[in-house]
Each structure stands twice: as C-alpha cells, then as structure tokens.
Amino acid sequence: MANKRVETGRGRKPGVVKSSKKSSTSNRAFYLIIAVIAIGGIAALTYASTRSNALASASPVDTTLPPVKSEGYVMGSPTAPVEVTEFGDFECPACGRFAVITEPDVRKTFIDSGKVRWRFIDYPLSMHRNTWQASRAAACADEQGKFWPFHDLLYQNQDRWNGEATSNPDKLMKEFARQLGLNTQQFDQCVDTKKYQAKIQAHLALGEK
C-alpha cells in the first residue's frame, strides 16, 4: 500500500488521511487522536498570540550558516500506511501536555502496532526563551541515538528548564544527558558549540512552509 501522509502540530492545522483497509473502529480511534492534536494546535496558537513580547528572547537565526537539509526525527515502521508529521515546540505548554498525557497512548496504539509512522520537526516559537537550546540539545542526543528519550525528558521536565524557570537551560540539558547515559563529553561539546543550529533552522523553515 502506498504511504499516506498527515501533517499536524501545535502551531499548524492538522489534516487527516484514512486508509481504506482500516476498520471503522480503528478509524474512529485515529480520528480521535488527530482531534486531540488539533485541539493542541488551537491552544498553542492562542497561547502564542497572547504571550508577552517581552519574553521574545529566543536564539536568533544565524544567517551566516550554510543551509542544510533535514526532515526531523522519525519513529515507527517505514512501511506504516500513514505518516503523521508533528511540528512541535519543546517549550510550548500545550505540546508538553500532549507529549506527557496523550502521546504515550498514541505510541502504544498506533505507532508500536505499525499503523502509523510519526515524524517530529522542531518549530521553535519566537516567544519562548529557551526553546532553541532545547532543540539543539535534542539534536545532540540524536547524534548518540537518543532523540526520543531526550524528547520525553524535555517535555516531562518542561517546568524545570523553560524560560520562566532558568536562564541557563544548557545546565539542565547536560543533566538530562547524564541521566540517559550519553557520552557527556561529546554531548557537552555539541551543546556548547551549537553544533546543530543549522539543522534546527532547517526544521523551522519546513514549518514556515
């Protein structure tokens, strides 16, 4: 069966694609999940529109870096009939609630069963002070094959490292790396040099498109 793709995310309007071979029960469950994501998107847009501009101190895009190509991080079977693309901000509260409360069930029901392949693409919102640091650190974790565990830790501990909690998020990022058993010297150097700044910029550009 040809793969079908759904793009969604908190900050973009989601779409729904239905596979003709799915049962009506499975379809209803899938639509419910997409509806939850849609609600998250609406919440994120509302939050973004009301957030004070005084907090808009996220890392600026570095226009001196050569562009790179990256299409995010993928979880699930390459033969899954449906792909969902999430554009997510690690510091977004609605994103955090989805990741902690809803996404575990999505993984168990749809991703682990091979029904859905999930793609995550960073979409750092400008009003979030520490979101670029989080995205770069997640890319550093991906370098060691630990993107998804790091993704989970970021959302589970969002209240510890977000812009309202600390002005030094990299310290927490390095703590998470140690918690996951990463090569800390490699990770710390990756974070300190902003090694994956261009990659996150590529993801941001995808979201803007």
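**Salt bridges and buried positions in a predicted model**

Helix 4 is mostly covered, with seven of its 10 residues buried. This is a predicted model: local features need pLDDT of at least 70, side-chain atom pairs count only at pLDDT 80 or more, and totals for chains, interfaces and linings use all residues. Residues are numbered from 1 along each chain as its sequence is written, and side-chain values use heavy atoms, with hydrogens and water left out.

Biologist: Which residues of helix 4 are buried?

Modeller: Helices (H or I, at least four residues) and strands (E, at least two) are DSSP runs, numbered from the N terminus. Buried means under 20% relative accessible area, exposed over 50%, partly exposed in between (1.4 Å probe, protein chains only). By that cut-off, the buried residues of helix 4 are Phe-147, Trp-148, Phe-150, His-151, Leu-153, Leu-154 and Tyr-155.

Biologist: How many salt bridges does the structure hold?

Modeller: A salt bridge is a side-chain nitrogen of Lys or Arg within 4 Å of a carboxyl oxygen of Asp or Glu. With this definition, the structure holds eight.

Biologist: Which parts does the salt bridge of Arg-117 and Glu-83 tie together?

Modeller: The N to O distance of the Arg-117 and Glu-83 pair is 2.8 Å. Arg-117 lies in strand 4 (residues 116–122) and Glu-83 in strand 3 (residues 82–88), so the pair ties together parts 34 residues apart in sequence. Both residues are buried. The parts joined are strand 4 and strand 3.

Biologist: Which residue is linked with Glu-83 and Arg-117 in a network of salt bridges?

Modeller: Arg-117 and Glu-83 meet through their side chains. The network of salt bridges also takes in Arg-119.

Biologist: Where does Asp-152 lie, the residue that forms a salt bridge with Arg-107?

Modeller: For Arg-107 and Asp-152, the closest N and O atoms are 2.8 Å apart. The two are 45 residues apart in sequence, so the pair ties together separate parts: Arg-107 lies in helix 2, and Asp-152 in helix 4 (residues 147–156).

Biologist: What separates Arg-107 from Glu-103 in helix 2?

Modeller: Arg-107 forms a salt bridge with Glu-103, at 3.0 Å between the closest N and O atoms. An α-helix has 3.6 residues a turn, so residues three or four places apart point the same way. Arg-107 and Glu-103 are four residues apart in helix 2 (residues 93–111), a separation of about one helical turn.

Biologist: Why does Arg-107 count as buried?

Modeller: Both Arg-107 and Glu-103 are buried. Arg-107 counts as buried because its relative accessibility is 16%.
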